[in-house]
Amino acid sequence: MEENSIAVVGLGYVGLPLAVEFGKKKRTIGFDIDESRVADLKNSKDNTFEVDTSELQQKFLSYTSNLTDIFNCNIYIIAVPTPIDNHKQPDLTILKNVSSMVGSVLKKEDVVIYESTVYPGATEEVCIPILERNSGLKFNKDFFCGYSPERINPGDKVHRLPDIQKVTSGSNPKIATMVDDLYKEIITAGTFKATSIKVAEAAKVIENTQRDVNIALINELSLIFNKLDIDTEEVLAAASTKWNFLPFYPGLVGGHCIGVDPYYLTYKAIELGYTPEVILAGRRMNDGMGKYIAAEVSRVMAKKRIHVIDANILIMGFSFKEDCPDIRNTRVIDVVDELKSYGCNIDIYDPFVSKKEVNDMYNFDLIDKPSNEKYNAIIIAVAHDEFKKINISEIEKLGTPSDYIIYDVKSIFDSKDTDGRL
């Protein structure tokens with residue numbers, strides 16, 4: 001067995017950049033059960049756009065969907081999704097299944113490092129028993145574990161994996177040092193060695209919980225300012241002149257981190273007998289923004305005497321954030337569903353996302369291109385750079401000759417050129 005031969009299990013937004021960086025330094029195998037994903041990577045294609053094509057082929061890196069190919073590795077880094085279910089409860093199904101797979105190839109002295117977001121205690125309470133059961137080995141005697149929470153920011157071309165400080169941890173002091181040293185080889189921004197796996201798990205969930213609560217506050221303020229007929233962006237610009245004012249902005253809060261992680265923390269808290277108040281209040285506020293936007297659009301249409309029922313509405317943007325093809329947990333879907341319940345006809349345009357993925361996940365088709373003079377309302381839902389470059393006159397051409405509204409969720413355009421925004 002080769003020393004420090006790494007298997008990165010899960011080649012999505014988190015796992016692929018890891019595999020590429022480690023593949024520059026030492027033997028690394030990127031493993032994913034999705035055969036088409038592996039085939040694309042072998043052909044230097046990444047549909048997440050997280051890694052440049054030129055970097056997909058590294059000297060020590062290979063890709064596989066065959067479990068036996070990673071048998072001779074001695075470090076397994078697990079980076080798979082941990083979503084929530086329809087009841088907003090943690091869904092660890094994928095993590096459990098992958099732990100079973102890795103357990104089946106685990107050998108003495110191997111180390112398993114988890115990067116997936118979980119609630120504090122999950123690695124030791126859920127994952128490690130599965131590894132023991134499937135390997136027949138004893139934890140912290142025959143094999144060891146670490147936890148280093150992912151901090152990937154999808155679509156961000158400035159803050160890349162090597163440029164973001166990494167929190168690390170291990171199941172004993174020796175392994176903690178070994179895990180920390182391992183990540184130091186690829187993280188130029190440095191590492192922070194947490195005192196335990198549980199501390200590292202908790203650090204991850206509060207990073208996004210803090211952002212979620214802050215955005216919820218700004219969303220609530222935008223609702224209040226709207227009733228006061230004050231432009232929220234103008235208020236934030238004025239308040240931001242104070243040195244310690246935090247620059248958060250209103251909007252839809254989705255994706256696989258900010259819109260999910262707080263539920264992992266609150267799940268564990270409720271299990272322990274404590275019902276969080278601030279965190280869940282923030283979640284309720286952010287989860288309700290899609291319905292609020294739909295209601296505001298219909299209100300502004302009504303003021304212009306535009307019939308909402310049977311109205312043709314264009315929604316520009318469907319991904320959970322700007323300049324990113326990721327549609328997991330996008331909250332734009334809440335706007336779509338609410339407007340459909342009003343009897344509206346919806347067209348959705350987003351040049352960044354996969355039409356097939358949208359159809360598979362949400363069961364509707366994106367349009368190829370918006371039609372001029374068709375829409376009673378145009379909603380700019382996502383602040384893609386491509387949308388920012390469009391002149392407002394081009395947006396106006398999409399409206400019906402009789403009358404239409406432009407609702408700018410992300411405040412891309414000047415307020416005088418639109419009929420409403422958060």
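Author: Cys-73 counts as buried, with 0% relative accessibility, where buried means under 20% relative accessible area, exposed over 50% and partly exposed in between, for a 1.4 Å probe and protein chains only. This is a predicted model, in which local features need pLDDT of at least 70 and side-chain atom pairs count only at pLDDT 80 or more, while totals for chains, interfaces and linings use all residues. Residues are numbered from 1 along each chain as its sequence is written, and side-chain values use heavy atoms, with hydrogens and water left out.

Cys-127 is likewise buried, at 2% relative accessibility. Its sulfur lies 8.1 Å from the closest cysteine sulfur, that of Cys-145, too far for a bond. For Cys-73, the closest cysteine sulfur is also in Cys-145, 16 Å away and too far for a bond. The structure holds zero disulfides, a disulfide being a pair of cysteine sulfur atoms within 2.5 Å.

As for the helix pairing, helix α10 (residues 289–303) packs against helix α11 (residues 332–341) at an angle of about 45°, their axes 8 Å apart. Therefore α10 is oblique to α11; angles under 35 degrees count as roughly parallel, over 145 as roughly antiparallel, 65 to 115 as roughly perpendicular and the rest as oblique. In α10, Gly-290, Lys-291, Ile-293 and Ala-294 meet Asp-334, Val-335, Glu-338 and Leu-339 of α11, contact meaning heavy atoms within 4.5 Å. By class, four nonpolar, one polar and three charged residues form this contact of α10 with α11, with Gly counted among the polar ones.

Conventions
Axes are lines fitted to C-alpha atoms, for helices over the stretch in contact, and angles run from 0 to 180 degrees between N-to-C directions. Helices (H or I, at least four residues) and strands (E, at least two) are DSSP runs, numbered from the N terminus.
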